[in-house]
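Trainee: I am new to this structure. Can we go through some of the labels and ask what each one rests on?

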Amino acid sequence: MSKNLYQLTYKPFGDSAILIEWPAKTDEKIIKDIIRFESIISNNQNNIDTIIAYHSLTVKYQNSIDFDFQISQLKELYLLKRENQTQKQRIWQIPVCYDMIFGPDLGAISKLKRISIAEIIQLHTSPDYLIYFLGFQPGFLYLGGLHTKIHMPRKPNPRLRVAKGTVGIGGAQTGVYPQDSAGGWNLIGKSPVNFFDVTKSPPCFAKAGDRVRFHAIDLETFYEVEEKVKQGVFQLKFQEL
């Protein structure tokens, strides 16, 4: 078998879906392989929905299926020559205000990690975070690439309300709450960007395989961008990969 292929497992998932599993680890090569395979499946099979996760892909059909037949088809698709199958990807430039009014846990992180708040911000804005998949809430991006120096355990007592747009750190992950919700992550800032808008197609601007780059803005700029977002005139910047 080609070194570029993985040993996959295929399992029935209900009566109309198939769960495809890769080695059970969070790995950039694995998620890129999943995204490539998802693109091939979507281009070769009709009337399906797909769900990407860290090391799995669920293919959901509209009706009950012959599992042996569909699995054999999927196995053949996985063996296809896959150059140029990956969709175009982007680096999204996400503005974040790291003011203490939006980042109530910055002080605690600074004290625990023995680094300044300025260094926390620098470490958080340095990486280009890979989007592994979307989930938890509509528009929530599961990001990989947080600097180990600012990994933080989730809070033992989650907050009952975290405001939409709030940026947090939970364990080895960072992300942005796309809607008001309860949450147990450490809050370090807020983005004025709308991560999920049902009036747009697609509702979320980003997809698995894209990357996110956070950049710091001051409080005045935050409110200026927030107003532009409300008026529908803010243009989110990105770079093609």
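Mentor: Start with a cut-off. A residue is exposed over 50% relative accessible area and buried under 20%. Keep in mind that this is a predicted model.

Trainee: Why is F136 called exposed?

Mentor: Its relative accessibility is 53%. The cut-off is over 50%. So F136 counts as exposed.

Trainee: Where does F136 lie, and what is phi there?

Mentor: F136 is in the loop between β6 and β7. Its phi is near 65°, which is positive, and F136 is a residue other than glycine.

Trainee: Which loop holds R114, and what is its phi?

Mentor: R114 sits in the loop between α3 (106–113) and α4 (117–125). Phi is about 60°, a positive value, although R114 is not a glycine.

Trainee: What makes R114 buried or exposed?

Mentor: The relative accessible area of R114 is 77%. Exposed means over 50%. R114 is therefore exposed.

Trainee: How do you know whether Q137 is buried or exposed?

Mentor: Compare the value with the limit. Q137 has 13% relative accessibility, and buried means under 20%. So Q137 counts as buried. Its place is the loop between β6 (129–134) and β7 (141–144).

Trainee: What does Q137 touch, neighbours within four places in sequence aside?

Mentor: Q137 is in contact with P178, Q179, D180 and S181, once those neighbours are left out.

Trainee: What makes the pair Q137 and S181 a polar contact?

Mentor: The distance is part of it. The two side chains make their contact at 3.0 Å. The cut-off for the N or O atoms is within 3.5 Å, and one must be able to donate a hydrogen and the other to accept it. The pair Q137 and S181 is listed as a polar contact.

Trainee: And Q70, is that buried or exposed?

Mentor: Q70 has a relative accessible area of 13%. The limit for buried is under 20%, so Q70 is buried. Q70 lies in helix α2 (residues 67–78). Not counting residues up to four places away in sequence, Q70 touches I18, Q45, Y61 and I65.

Trainee: Which residues are joined by a cis peptide bond, and what is omega?

Mentor: S201 and P202 are joined that way, with omega about 0°. P202 is in the loop between β12 (186–190) and β13 (211–217).

Trainee: Now the pockets. What is the volume of the largest pocket, and how many residues line it?

Mentor: The volume is about 480 Å³. The lining has 18 residues, and N194, K200, F205, F234 and L236 lie nearest the centre. By class, twelve are nonpolar, three polar and three charged.

Trainee: What is the volume of the second largest pocket?

Mentor: It is about 270 Å³. Ten residues line the second largest pocket, with E38, T50, I52, K207 and A208 closest to its centre. Two or more lining residues come from each of α1 (28–44), β3 (48–53) and β6. The largest share, three residues, is from β3. By class, the lining of this pocket has six nonpolar, two polar and two charged residues.

Trainee: Why is the second largest pocket said to lie between domain 1 and domain 2?

Mentor: Look at who supplies the lining. Domain 1 (9–79) gives residues to it, and so does domain 2 (90–240). The second largest pocket therefore lies between them.

Terms used:
Residues numbered from 1 in each chain as written. Predicted model: local features only at pLDDT ≥ 70, side-chain atom pairs only at ≥ 80, totals over all residues. Heavy atoms only, no water. Helix = DSSP H or I, 4+ residues; strand = E, 2+ residues; numbered from the N terminus. Buried < 20%, exposed > 50% of the residue type's maximum accessible area, 1.4 Å probe, protein only. Contact = heavy atoms within 4.5 Å. 1 Å grid on protein atoms, 1.4 Å probe; cavity = no way out; pocket = protein on both sides within 12 Å on 5 of 7 lines; lining within 4 Å. Points joined across faces, edges and corners; volume = space filled by probe spheres on them. Nonpolar A, V, L, I, M, F, W, Y, C, P; charged D, E, K, R; others polar. Domains from an automatic or database assignment.
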